[in-house]
Amino acid sequence: MVDNKPQDQVIDLNEVMRQYDTESRYRTLKGWQNYFILAIAVAMSLFHLYTAGFGLLLAMKQRAVHLAFVLFLTFLMYPATKKSPSDKIPWYDFILATVAAYSVLYMVIHFNELIMRAGLPTTMDIFIGFLGIGMLLEATRRVSNPVLPILAIISIIYCYFGRYFPALFAHRGFNTARIINHMYLGTEGVFGVPISVSATFVFMFILFGSILQETGMGKFVIDLALAIAGKSTGGPAKVAVLSSGIMGTISGSSVANVCTTGTFTIPLMKSIGYKPHFAAAVEAVASTGGQIMPPIMGAAAFIMAEFLGVPYIKVALAAVIPALLYYAAVIIQVHLEATRLGLLGLPKERLPELWKLLRAKGHLLIPLFAIIYFLVAGYTPMKAAYYGVLTTIAVSFISKETRLTFTKLIDGLANGAKGSLGVACACGTVGIIVGMATLTGLGLRIASLIITISQGNLLITLLLTMVTCILLGAGLPTTANFIVTSTIAAPALLQLGVAPIAAYMFVLYFGIAADLSPPVALAAYAGAGIAGSEPMKTGVTAVKLALAGFLVPYIYVMNPMLVLVDVTPIPFVLAIATAMMGVFLLGMSTIGYYKAQIPFWLRIIIFCGAIGLLKPGLYSDTLGLAVMIFTIFFQKRRALRKVEK
């Protein structure tokens, strides 16, 4: 019997978030302390709004003020240990927050003097740099986990001890003054490109998403997906894919998105007959894919644009076809699973009317179209996000139901600031790792080592890079993972002649894949927490559903036309068509069903055919097409025989 009340399940969402999303483990404050945090967070958002609209400060000052806000809020919001007070801010955290903020604002207060003595730091400069690095590492540990700070400390040790063991460390080493000067007092370390992107593009897009959420965008997206796909075969799973993909591109966080849209979509999928682990995996895969779905994508995409030195819109356009292939594969698999189980869609009376919904709340889509317009028109991502925020505020007043009241606006500003803390801390800390690579030249050495191990074989190099990304992703946030791997692993791909945007996109995809890959698989485990399913089984199912996400990067490295490199019309259209057919075969192979159950031996052949269609080349495409025609004919005959019996 079908349960028509999918939301009756009681889920402790806060507990799920705290368990799988470290950024949600902040203090629950009341009284004056809560209002104090609110005031600082709102001030931070207003500062970024003002500078985005009326002009940034000098680069170092903008980054320093941004990081000062971040460190101050982090020490006040996040307890040091599990035993630290979680309902109030202890006195020592006020002191640490103040010291941390001053250690960064020192760069602003003494800006002119630091410029005049560039490269010749005083004892006080070194002390403040040492203090600032220590405060940043502690803040990152609190908001994330110890892995990234430990990597940063190892990087500093590597820089220092080379002076004692030059043969072992492959460099002569540097003294404390040189290391701190490079890591903290210039723009090669903490205040490098990652924190620059965080202080401009990333913060503004996080703020845009936060304010858009206050208009009721989340519920509207789910209702819109229900109206479009709810009545189709396996409708709730397709609703999860559509709604989570849209919300994921706005939020940029896999786990947070699972815990928002998933509280509705997972019980809904279970209500029509999907197994709990499958429902949780679908939500995790769809939410994770939001980080590769234009127009906004995740924070790493903005950093990619900076590394490549190209406009962000070029990165977003290059990501369109791979993202569509990823989501097409998920949609195909949930459809095949639904037909295998004989699952129907939701009854019409449980679905919102599309046109009625669009008339009531369709104006909430205007800010997303506005963002796309401004990006295409050549505005910087920061300006596009700024105007997106203003557009959101303006269009919210079209309807009373979506109107941003003063309270909602304050909440949106505060939540935007709070939502930026994890990314900003990660960007600052990973700057130390990047600084180590530039100071010692380690990045190029590792690239040479990878090429030596692979003996120049591109496929082996890709496999080694993939494993590196997934292993690092086990302990690093996506943004930090991307920066580290693009600094250390991507140069190997570039040396082998891979198109730069394809190389960086490859690294991005597998950094994101870590959210789905056991043993960590935080997005999948968060979905399991909501669905009440076994976490490891959910993670394995998520990997299966996201298999296209693991294969497509190899394809666009070998055929960079899929990321819009050297496009010629007819080969481009053929590449897309064969890739879509390959994704269709891939879905058949992983689910094991098309019209009827597919024998195991045929599933292996179908998988090989899918690879043939995905891989560019006349012979491989012909082989894949032959497998596809044979499979469709063979399975239709099997289904017909089953009916006749």
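Predicted model: local features only at pLDDT ≥ 70, side-chain atom pairs only at ≥ 80, totals over all residues.
1. Let's start with α10 and α22. Helix α10 covers residues 193-214 and helix α22 covers residues 421-440; their axes come within 9 Å and cross at roughly 165°. Angles over 145 degrees count as roughly antiparallel, so that is the label for α10 against α22. As for handedness, the crossing of α10 and α22 is right-handed.

2. Which residues does α10 bring to α22? On the α10 side they are Pro-194, Ile-195, Ser-198, Val-202 and Ile-206. Across from them, α22 supplies Val-423, Ala-424, Cys-427, Gly-428 and Val-430. Sorted by class, this contact of α10 with α22 has eight nonpolar residues and two polar ones, with no charged residues.

3. The other helix pair is α25 (residues 478-488) with α27 (residues 500-513). Their axes come within 9 Å, with a crossing angle of roughly 140°. That angle makes α25 oblique to α27, and the crossing of the two is right-handed.

4. If you want to look at the side chains here, α25 makes the contact through Thr-478, Asn-481, Phe-482, Thr-485 and Ser-486. From α27 come Tyr-504, Val-507, Leu-508, Gly-511 and Ile-512. How does the contact of α25 with α27 split by class? There are five nonpolar and five polar residues, and no charged ones.

5. Have a look at Thr-392, which sits in helix α20 (residues 381-396). Is Thr-392 buried or exposed? Its relative accessible area is 0%, so Thr-392 counts as buried. A polar atom of the Thr-392 side chain lies 2.8 Å from the backbone oxygen of Gly-388. Leaving aside neighbours within four places in sequence, Thr-392 is in contact with Phe-208, Ile-211, Leu-212, Thr-215, Pro-367 and Leu-404. Of those, Phe-208, Ile-211 and Leu-212 fall within the residue range of α10, 193-214.

6. Val-285 belongs to helix α14, and this residue is buried too, with a relative accessible area of 0%. Not counting residues up to four places away in sequence, Val-285 touches Tyr-326, Val-330, Leu-516, Ala-542, Leu-545 and Ala-546. For a sense of distance, Val-285 and Ile-222 are 63 residues apart in sequence and 16 Å apart in space, taken C-alpha to C-alpha.

7. Now for the backbone. Most peptide bonds are trans, and most residues other than glycine have a negative phi. The peptide bond from Pro-294 to Pro-295, however, is cis, with omega near 15°. You'll find Pro-295 in the loop between α14 (276-289) and α15 (299-308).

8. Gln-455 is one to check by eye: it is not a glycine, yet its phi is positive, at about 55°. Where does Gln-455 lie? It is in the loop between α23 (442-454) and α24 (458-473). With 74% relative accessibility, Gln-455 counts as exposed.

9. Leu-564 also has a positive phi, near 65°, in a residue other than glycine. Its place is in the loop between α30 (547-558) and α31 (569-591). Why does Leu-564 count as partly exposed? Its relative accessibility is 37%, and the partly exposed class lies between the buried cut-off of under 20% and the exposed cut-off of over 50%.

Conventions:
Residues numbered from 1 in each chain as written. Heavy atoms only, no water. Axes fitted to C-alpha atoms, helices over the stretch in contact; angles between N-to-C directions. Helix = DSSP H or I, 4+ residues; strand = E, 2+ residues; numbered from the N terminus. Parallel < 35°, antiparallel > 145°, perpendicular 65-115°, else oblique. Left-handed = near helix turned anticlockwise from the far one by under 90°. Contact = heavy atoms within 4.5 Å. Nonpolar A, V, L, I, M, F, W, Y, C, P; charged D, E, K, R; others polar. Buried < 20%, exposed > 50% of the residue type's maximum accessible area, 1.4 Å probe, protein only. Polar contact = N/O pair within 3.5 Å; in protein donor to acceptor, adjacent residues only side chain to side chain.
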